[in-house]
Each structure stands twice: as C-alpha cells, then as structure tokens.
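Please keep the model in view while reading.

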Amino acid sequence: MKKNIRATALALGLTFSLTSFASLAASLSVWAVDEPDNYTEKMAREFVKLHPDVQLTVRKVGFSALNDEAMRAVMSGNGPDVIPVDNPNTAMFAARNALLDLTPYLAKSKVIDVKQIFPGPLKNASWNGKVYAIPRGANTLALYYNEDQFKAAGLDPNKPPQTWDELYSYAKKLTNPAKNVYGLAFSAVGDEEGVFQFLPFIQATGADWDKLNNPGAARAAAFWQKLLDDKLASPDTLSHRQSEAAATFINGNAAMDINGPWELPAVEKGAKFKWRVALLPTEKAGGVRASALGEQSHAILRTAKNPQTAFEFLEYMYSQRNRNWNEFGMLPPSKDTVTSNPKWPDAYKTFNEQMQYARPRGPNPEWPKVSKAISTAVQSVLTHQAKPEQAMNTAYQTVQSIKK
Amino acid sequence: MKKFLSHFEQRSGFEIALAVFALLYLLVFAGLPLLYNIMLSFQQVDLMEPATLLRPFAGLANYRDIFSRPEMHQVLINTLLFVGLSLTFQVVIGFLLALLFAQDFPLASFMRGLFLAGWIMPGLVVGVIWKLLFAGDFGVLNHLLLTSGLMHERIFWLSDPSYSLYAVIIANVWLGVPFNMLLLSVGIAAIPADLYEAAELDGANAFQRFFGITLPMMKATLGAVISLGAIMTMQQFDLIAALTQGGPANSSQVAQYWSWQLSFQTFEVSAGSAVATLMLVLVLVIAVFYVRSTRSERMV
Amino acid sequence: MKRYVLFVIALIVTAVYLFPLYWMYITVFKSAAEMFQTPPTFWPAHGESHIWQVFTERGMGKFLWNSFIIACGTTAVTVFVGTGAAYALASVQNRWTAFAIFAVLVLQALPSSLMVTPIFTAFKGLGLLETPRLAVVIAQITKTLPFYIVLCRASFVQIPRELRDAALVDGASPSRAFFGVILPLAVNGILVTAILVFLQSFGEYVYARSLILDDQYQTATVGLSAFIGATKIDWIGIMTYSAVFVTPILIAFMLLQRRIVAGLTAGALK
C-alpha cells in the first residue's frame, strides 16, 4: 500500500514537472511501429493533452519496413523527429551519424536518470559511450509450459526443466503425435526473430555472437537440430515466427514454448489449461544463465526540427514506465520502475528474474549483417546442409570480417 | 531529330506524337531511377550519406563480391526455376482455362469472372492466405492430401528446403493464372469464327484446329503475355516476403528478394544494386526475344 | 449433353481455384484457437467476427477511399497516355518502334521495392511528397504504362490495317480514323487491360508505403501491414481486413461481369 502511494506521488510529481514546461508551441512528427496495444499513439495523445500547443502527428510504419524507411528518411533529409528503433539497431543508426546524441539532454533531464536504466537496455541504446536512444521498456525470453500436459505426462509442474537434457527428455515425454502435440515450440525463422531466440542458447554455453568459434555455439546448434530431427518441435519451427509458436502453445499443440512477456495477454485469453512460466534451462546443471534482451527504443533524428520538444516526448514516454507491465506487456527498463499490483504476479517474477540474465545483442553498427550470418548458419544446420561446427565457423569468419 | 522523324512516313505524324509522350514519361520516371540503380552497382555506397550521384567508383568490385558469395549459385538456379516454372504453368493453365471458358455452357462467363479474384488480391494478402494453407501441422492442404490418401506423411511446405521454392511457385502460379486466362480469352475471342467453320468443313479435328488456327492467330497475344508474365514473375516480391523470405537457408531465395535483402536488410546497397543490374540483363534478353517475335507482326 | 459436362468441369475447376479465397472468408469467422486447430475446420465453429471493429478501428473507410482515388487516377492517366502509344507501336513498324517496344519493356524491369529509393529522393526534391497521392499515381504509372502498352498493342495488331487505310482514303484525318474506326474495334482489349491496371493499382503497396508520409492519405494495403508488429501478428485481423478490402471489388465485378467479361466473346471480329 505504501509503495502504491509513493508511486502515485511520483507519477503526479512527474506530471507536474512536465506541465510546468508550459509553452512548447511546436510540431512534432513521430513514427511508430503499430502494434495491437497502440503504445505510441496512446502516449502521443496523453502528451498532447499536457501540451495542447504541440502539433503531434504519428505515422505508422510496419516493423519489417522500419529500417529501410528510416534509412530513406535520413538519406533524403526528410525525416520525422522521433523514430522507434529495434534495440540491436541503435548502433547502426548512431554510427552513421543519423541520430541525435542525447547525452547533453540527459545531463539536464529531471525525468530520466541514466544511472537507473538497466545496463543491458542502456548498452543497446548507446554507441561509443554516448546515449542515442531511450528504451521504452524491455523484454526477454522464458519458458511457458502447460501444467495440465505436464501432469498427464507424469511430470511435476513444480519442477520445470532445468537443463538442456531435461528440456529434451521433458519434450520427448510431452510429444504426442497422435494428438498433434509437440513437446516444445520456439522460432528458428530466418531473420532477427530466430537469432533473438538462438542467442540465449549459445550464450548459455559461453559462446556469443562474436565468439561463434567457441565449441559451445556448435553444441547449441546441434541441440536445436536434435529437437527438430526427433520431431519434438514442429519442422515448421523454421518458418514460424514467435507469435505462431505461441499460437500452437495456446492451442495445446505444443506443451512448452520459449517466448516473451508480450504473449501473456494472448495466452491468458486463449489457453484453456493451467500454464506457468519458468526460467530458460541452462546447458548443464548450475551452468551459466542467459536470455535475450529485446524491445524498441526511441531515438531523435539528427535532422529533427524540434529536438527539445522531441526529447520532452521521450521523457514523457519514459515517465510512464510504471504502466509498462500491466498495460503494454513490457518489462521495466530501469531499477526505479514501480509496477503496482502486477498482473500475472508469478510470470512477472520469473520474467524479472530472467531479465537479470538478459544480454544485449551487439552493439555493433553492422548488426543486421551479423544477424544474417547467424541465421544463415542456424538454418543450414537445422536443414542438414552443414555440420554444426562447420556452419558456426563460417558464421564466425563472416562476423570477424564484419567487425573489422 | 530530323533524321529521326524522316524515318516515318508523313502520314504517321499523329501516331508518333501519341507514342513520344508515353516514352518520355517512362524515360524520366522509370529510366532515371533505373540508371541510378545501375550507377550504384559500380560505386562504393556508404549508407545514409546524403543522397548524391558522385560516390567513389568501385569498378567491378561489387560484381566480384556477389559472385564470390556462396548463395549466388543457388539464387541463380532458383531464379531460373522460379521464372521458368511459374511462367510455364501460368500460361498452360491459363490457356486451358481460356479454351474451356470459350466453349458454350451455362454460366461460363460468370465463372470466368470469378477467376479475377486472384488478380484483385494484393500479393501480400495472397502470401498470408497461402501461408495458412501450407502450414505443416494445421494447414488445410496437408490435411486434404493426407485424408485423400495421396500422401502418407506431412510435407512441411515452407520449412523443408526441398519444397519451399515449389511452394512459392505454386502460390505464384495461382496468382498469375487469371491474368493469363483473361488476356488469352480476349485473344481467342478475336479470332474470326469463319476460320473455324472453314476448317471444320475441311474436316480438321480439334487438335488440327488448335495448332492450325488458334495458336498461330494468338501469336501476338501469347508473345505479350509471356514476356509480361516473365517480367512480372521477376518482380514478384510481396508473396516471397509473406511466405518464406527466401528461406529456409536460402532454399527459396530468388534474385529480386535477395537484391532487396542486401540493399535494405543488411544495407549492402552496392551488392544489392549489382544483383538488380544482373536482373536487368535477364529482362533485356526477354525484351529482345519479345521484340524479335513482334517483328513480323503489325496491323495486317 | 456436352454443355453440361463442360459445365461440371468448369464448376470443379472454379471451386478448386477459389478455395484459397474461401479459406480467407471462413478464417474471418474463426477464433485464433480454431485457426490453429488440427484437423482444420471447414466451417467456423462459433462464427464470431470483428469485421465492424476492424473497419472502424483501422479507419478502413478512409484507407479504401485513398486506394480508390489512386487506382482511378492511375488508370485514367494510363489509358489516356497509353492507348495512343500502343496504337502507334502497333501501326508503325520500323527500327525506332522496335526500339521503343524494347525500351518500354526494359524500363519497368526492376521491382518497385528497388526503384523506390531514387524515386523517393527525386520526388522530395521536386516537392511531390507534399501531394502524396499524386506522387503514388506518378510512380505507379511507370509500372502500369508499359504493361498497358504491351497488352493493348496486341489487341491493335489484330485489327485489319485496311480499315484504317480505307478511312484515310475516304478523307478522314489520321485522328478521325483512330477515334472513329480503330478505337471502337479495340475497345474490348482496352477495357480488359484498363480493369487489370485498375486492380493492380488498387493493390499497390510499395510506393504507397514509402511515398505517403501522412497516414491521412495512406492506402488500404499499407494499413494491412499494421497487423504485423515486431513480435505480435494478428492473423484473424489480417484476414478480416483482407476480406473487407477484397469484397467490395469482388461484388462490383460480380455485378459488372456481364458487361465486362461477357463482352469479350461478344465483340469478336468477324
């Protein structure tokens, strides 16, 4: 209760400090990746209510078109003020001098305290020691599982799989071709989403995106290959996006699912069974924990006409982070975020714990190339076109040449 | 310019005026961007630099780069398969349908009208629908093939590298059939009926009539449909984006999608433009073929 | 008898062809769970749908209007500019027209997705991005015009040349001969091609996505991509949206097909 009052007071204080900036008379153009929850539009509407003299227009850009639209905007100098950036791509835009360095603004900001932002999201928002974007939240991956199917297979729902071996044997027990049930669902689709899902596995072995020559990377790829070869996960894992993997879980066609918190509302609405969320298994008992770190950040283009107003909009969105979990299915980006009465308290706890092991992708200004190299390697292993060691070594060479 | 004009008969002045405007329009709005793309393929492009025409000259380096990539070989074969098979099936199915609907039976033109549905649908939507149909576990195509006993094991159309390209081709054929059928219908309808009557009197059977009259009379239409179909197939993009994105492991990768991925996903704009320029060469070949085929034809 | 055998064959072929369309429509009425169910259901179990919700929440009315305007504009200009060019390229035959046909084909060689960057930059310089729908029309015509010219040319080629020459001998000007004699004979080909152009422009995606920076002028196809988020994809929403997008045109064609498609056979030259 006390916490609640403090949170309200904090929120009110923020509102006041924002309204006190009074006249900002300016126009602001903002791009948004339009998701079902309409995050940016809601934020824009609230911001305009506080600053009636700001003319704010939101343009929706499809997620898949975001990079290429942003690039055109930068090239032609005809860009908006604020763009969303998928967090591994901040370095790419920043290194090419497309984004406004926010460091001086942050030094003066009363709303955003950089030191409070979790190190992972902050690293993904920075380049060369300068901050170029403000994370709107964070997300990570964990293991959803179907309690009812656990029981039916004679597994204890209180003991989710802890290691890869357990994940494999659990999946094997849960797989039931007669009923069209796979043990596990995840996504190995050939783009950033598949890489996002794969990285935690190689990181759990001590390898990483820039250490693919570490034998662990090949072990991780071989593990995925085994899951698919033994039909414990659908062969369509290669073309399923994460949302499709979640749909098979929700529908009872997969007993476990590696997915993020954004699926919680859909799982709650659709699942006709008891479900829980557990930490991702480690390679060996007591091994390294790792998970992915995702979510979009907001950046200001260097060509923005009203950087000050744009920054205040960023501040406003950040100031609303207490609502992240309950309203938008995002995890807090910072230590000082207070989520009162979190929905799905158990899942909230698990995802927050998992968040501590979440690692940023990159940063590298050529991240899309790195990502492509990794996803090509993974897919060629899963389709048996290359041996795990060989594929990972090729990817390693590619990443090395990109890093130079 | 005078020399240029003197090539025409005096009487054709009106026709020339009609053509010149269209050509100028295309030269400006399509020709210049095309040139720009070709230029990029010989330059070293730094992404997000302000748009400029003068960039460091790279010679053939970008071409050497793409030819040295391991996926080049597969992309080349896939592109030829994609264009060749799509086109063959589109034209053959389209022609058969056009012949079918040219017959006299109840509701023929109504049913032909329904085929337009395939042309109305944007590639993006068609891709999404076919993705549902092709789904390995819950897809209706597998379900029908399994229950009808045509198949004993599920095919993972979009995830199995030995099927993915064909899945995309099937969807693309579906998309292209109405275009072929409709235009070939127009061609068939324009063949004077007395030709058939005369042939029938001479005792020609259906096959002889088809090869003796229908096919030769359709040459102009077929040439136009095939060359446009080839070019349209090479531009098919939304469908691939929605279905396989060239995967898994490049098994359904074709030139146009690869070029886009290079330019706008990994931002290797020079390499992407080099692929695009190579595609241009292929279109050039098709265009030469088409122009040669039109040499003999003109208003008779 | 033969008529009814043909009828049955045609019915089966049409049904098979339209199956994907059927699948789209029934998916609209399924729940997310039912959509992923195995074995699939061929008739929705509950019959829920969000058609009205999708239509209003996504502002589809405005999107469809924009698509309609762009398609009309593109078709009008294409037909206006292209018909004459097609006629010219059909009636005159020499090195220059051969080259012109060649150029027309090659100039539209690359997919829009690769042409859009230079076009965007150039249009920005020309100030065309201020009138976004016009910009899309201008860009889209570069795709539809070659298509239209090549196809219409094929229908002009089939017209006997003596008809034009006869008109000229009778003292008609070349333009009179064109409008009075040739054009009425080619009208089927023109009509069908124009319809194809209209439909193609109605479904245009790449140029609209990149050249229209103000959502107020955005087209329906681009509105569709809003269902595909970074992590979430609303399949039912996509299907519902697609159905709403396609149905009006489909109905229009059902009603008009007598005049349009049936006219193909009626207008055969004797």
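The largest nonpolar core has 313 residues. Those with the most contacts inside it are Leu184(A), Ile300(A), Ala171(B) and Ile149(C). A nonpolar core here is a set of buried Ala, Val, Leu, Ile, Met, Phe, Trp, Tyr and Cys residues joined through C-beta atoms within 7 Å. Buried means that 20 or more other C-beta atoms lie within 10 Å of the residue's own; exposed means 12 or fewer, partly exposed in between, with C-beta atoms placed from the backbone. Helix H9 (residues 164–189) of chain B gives the largest share of this core, 17 residues. Domain 1 (2–138 + 295–344) and domain 2 (142–292 + 366–403) of chain A both contribute residues, so the core lies between them.

This is a predicted model: local features need pLDDT of at least 70, side-chain atom pairs count only at pLDDT 80 or more, and totals for chains, interfaces and linings use all residues. Residues are numbered from 1 along each chain as its sequence is written, while chains are lettered from A and ligands numbered from 1 in the order in which they are written.

**Chain A.** The domain bounds come from an automatic or database domain assignment. The C-alpha centres of domain 1 and domain 2 of chain A lie 31 Å apart. Seven residues of domain 1 of chain A are in contact with seven of domain 2 of chain A. Contact means C-beta atoms, placed from the backbone, within 7 Å. Leu184(A) touches, among others, Leu227(A), Ala254(A) and Met256(A), not counting residues up to four places away in sequence.

**Chain B.** Chain B has 15 helices and zero strands. Helices (H or I, at least four residues) and strands (E, at least two) are DSSP runs, numbered from the N terminus. Of the 300 residues in chain B, 53% are buried. An unreviewed UniProt entry places "transmembrane region" at residues 12–36, 75–102, 114–134, 163–189, 210–232 and 269–291 of chain B. Such positions use the numbering here, feature names are shortened, and annotations may be inferred rather than shown by experiment. Two of these spans follow.

**Chain C against chain A.** 24 residues of chain C are in contact with 29 residues of chain A. H6(C) gives the most to the side of chain C that touches chain A, with four residues.

Methods. Contact = placed C-beta atoms within 7 Å.
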